[in-house]
Amino acid sequence: MNGSLSQRIYLFTLSCCVLFATLLGSVIWSSHSVELAFARDNYAQQVDNQTNSLKQLIISDNIYASNYSVNHWQSLQQKLARLLNSPPKLSPSQQTVQNSIKSQNENLKRLFSQITKNKLKNASAAIKVHLKARLMMQLEAIRSDSLQLSSIAHTDIYNTIKHEAFFIISVSAASIVALLFGSFSLMHIVRKSLDEVKRAFKQNHSGHFQKIHLSHPSEEFDSIVKAFNGMNEKLSETTVSLAVMKKVVEERTHVLEQLSNTDPLTKVANRRALFERADMEFSRAVRGKNQLTLLLLDCDLFKAINDEFGHLIGDELLIHICDVCREEIRDIDFLARYGGEEFIIVLPSCDTLGGIETANRIQSSLAKHSVTVEDKQINVTLSIGVSMFSEWHESLDQLINDADKAMYQAKEKGRNRIEVLTRKNLH
Amino acid sequence: MNKKALHFSVLTFVICVGIIVSYVKYQSFWQSPKHAVTIAVSKTPLSTPFYVAKAIGAFDKTCVQVKFSEVVGGQKAFSEVMSGKADFGTSSDSVIAFQSLANKDFVTHAMFVQSDNDVKLITHPSAQINSAADLKGKRIGVTKGTASEYFLSTLLALEGLTTEDVLLHHFKPDELINGYSQHEVDAIVPWEPFAFNSAQLLDKDIKIHDTKSLNTLSFNLLSLKADKIVVEKAKCIIEGLAVAIDYIASHPEKAKKVVIDELQLSSEFIEWVWPDYIFKLSLNQSLILSLKSQVIWAVATQMTEHAELPSVENFIDSRAMLQVDPGAVNIPL
């Protein structure tokens, strides 16, 4: 059934009204039945009372007395006859008893008139007693029947109330079951549909634009689903997912970071990256009392080469120097362009001797690998200053400064040399 | 409604129908076994409830499987019960009263019909009997120890006569008419259907006196002194009778047809006696009073050799009736 929820609620309400009307109808019907049964009981009681009056008369009066007047009997008899002729509406079983009462009363009247016709002048005392007993018997038969009438009425009342109670309980139980079933099924449909819509929103949040398919279609939710599915269709066409966007941003950021830390010509770390890394290594050395050595390399006579071969060749030369340095240093060492034709190599966990050794390796390699330009071999050399971190160094700048001084000493002493700045040299 | 709910509803419906069908079909499995009983039924329209019960199958739903032994007169039915040929019998209150004087070992379970005009006085017109007073010195045919004898004695007493003032001739109920037609007697006191048969046979040579209401006759279900099983059987018979009596009240014409076919009677006869009958189950004080008055009367008029008055209450057993229709029982326990 693909009706609307409101239709279901209307149907539900209508069913409740029908059930209520049925209950009301049955209560009215049973109250009528009980009322009728009470009327029958009342009738039976009156017959009983009237019969008792007649019995009392037979017991107390001497009906065989010569001066006995039948008027009293007749007036009581007429009352009983009138009563018997105007009974309430009786049930078939009560009608049988009623017929019996009427017949017994006819017998009673005939017997009484026979007895009183000639006062039984010739009859013996025995027959008089016997006939009086017969009169009593007839009255007793009427009384027994009236008691039976009353008993049937009581049974009817009891049965009517019992049936009504059973009916009310049954209808109420059925109503409660239907009510629970109806409300649970409505709740289930609403909850399930809401869950499906909620799940779809969640999926939207994570970038999965899927259509909602309701497991319990209903007009109300169908309209929401239709709007949602339409919106989702448009969104899926125009929206880039957050994850893709994040990945693009990360890639771009990485490239930008690389660009900002790299020297565009030599592709080694630039001055900014150098200070960032060197600062970190310096702090680590201070903190952990580790060794740290810097090499400051300067290309000898670079200006002359530029002038002779041009800037492009100069640039090639710088790239060549960087390539050689990269080959000769450890993985943990850090090469950066300090400026112009100057480079710095940071050597963590390395003493002066280690620094000299590295510097030697670089120089030897550079000597072996010259740069060929227009069939001419260009040999390039480096003046290298070495400074090792010591307790006197309070900052990185001091350490660089010492390396710089050592490098100048190398220049002063004829270039293509390695000089170490020691405290002794300083003072 | 989704499919699951529809399936559930269909399944529930099928289970309910299955339970109802198997209940109806296998109902007999958990019903207690039926008792086979023989009932000596007096061949008179007064036994209508029995014939109707059998015709409409009213006993089928009770715990008894009934077989009828049809007899002529309540006294014969009584002797069948006493001799053990039948488990139950149908007899008039007069038979019960006379037999209680003999202190026989029996009980009455229920009264199922009453008639105020069953026993009649029939006289030869030539005997010129116009009232009970004219019966003095006449030959009268009666059935000894029955309502017939009792009724005659009360009729005589109304005029200060006794059975000694007349010449009593005792006949079996179905032989009364022969005695009458052969002029062995001047008058007979038969019950139905013999009164009607006499009227049919001897159309002109008959005078039926109006004695309606002077005698009330009831027919009752009786058995030997009852143990628990007999009471159970009596209960089941009474249940069947109750169904039959309701049927008689609601379908009188069909009930009449049953009796006509069963007793091979004419519809005229049934129409004649039917208004006098009251079919109703009861066991009340009026039966006790009736028995008492008849017993006292029988002793006082020396209709019986027994002089000691029995306690008639001892011959009433209300246990079965109380189980079927307690409202119809009105006797001091």
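In the predicted model, L135(B) is in contact, once its neighbours within four places in sequence are left aside, with L121(B), I129(B), I140(B), L152(B), L156(B), V166(B) and A187(B). L135(B) belongs to the largest nonpolar core, a set of 125 residues in which L135(B), together with I39(B), F50(B) and I237(B), touches the most other members. The greatest contribution to this core comes from helix α8 of chain B, spanning residues 228-250, which provides eleven residues. Another core lies apart from this one and comprises 31 residues, including F302(A), L366(A), L382(A) and I418(A).

Chain A contains an open sheet of five strands, arranged in the order β2-β3-β1-β6-β7 and mixed in its pairing. Strands of a sheet pair through backbone hydrogen bonds, in either a parallel or an antiparallel manner. At the edges of the sheet in chain A are β2 (334-339) and β7 (418-420), each of which pairs on one side only, and neighbouring strands are turned against each other by 20° on average when direction is ignored. Within the sheet, strand β1 (residues 292-299) and strand β3 (residues 342-348) of chain A run antiparallel and are joined by seven bridges; in this arrangement, L292(A) stands opposite P348(A) of β3(A). Helix α7 of chain A, formed by residues 271-288, packs on the sheet and touches β1, β2 and β3 of chain A, with its direction making about 125° with that of β2(A).

At least two lining residues each are supplied by α3 (92-117) of chain A and by α8 and β11 (277-284) of chain B, and the largest share, seven residues, comes from α3(A).

A further position examined in chain A is S146(A), which lies in helix α4, a helix extending over residues 125-205. S146(A) counts as buried because its relative accessibility is 1%, whereas the cut-off for a buried residue is under 20%. Apart from its neighbours within four places in sequence, S146(A) is in contact with A44(A), V47(A), D48(A) and I101(A).

Conventions. Residues are numbered from 1 along each chain as its sequence is written. Chains are lettered from A and ligands numbered from 1 in the order in which they are written. This is a predicted model: local features need pLDDT of at least 70, side-chain atom pairs count only at pLDDT 80 or more; totals for chains, interfaces and linings use all residues. Side-chain values use heavy atoms; hydrogens and water are left out. A nonpolar core is a set of buried Ala, Val, Leu, Ile, Met, Phe, Trp, Tyr and Cys residues joined through side-chain atoms within 4.5 Å. Buried means under 20% relative accessible area, exposed over 50%, partly exposed in between (1.4 Å probe, protein chains only). Helices (H or I, at least four residues) and strands (E, at least two) are DSSP runs, numbered from the N terminus. Contact means heavy atoms within 4.5 Å. Two strands pair if DSSP finds at least two bridges between them. Axes are lines fitted to C-alpha atoms, for helices over the stretch in contact, and angles run from 0 to 180 degrees between N-to-C directions.
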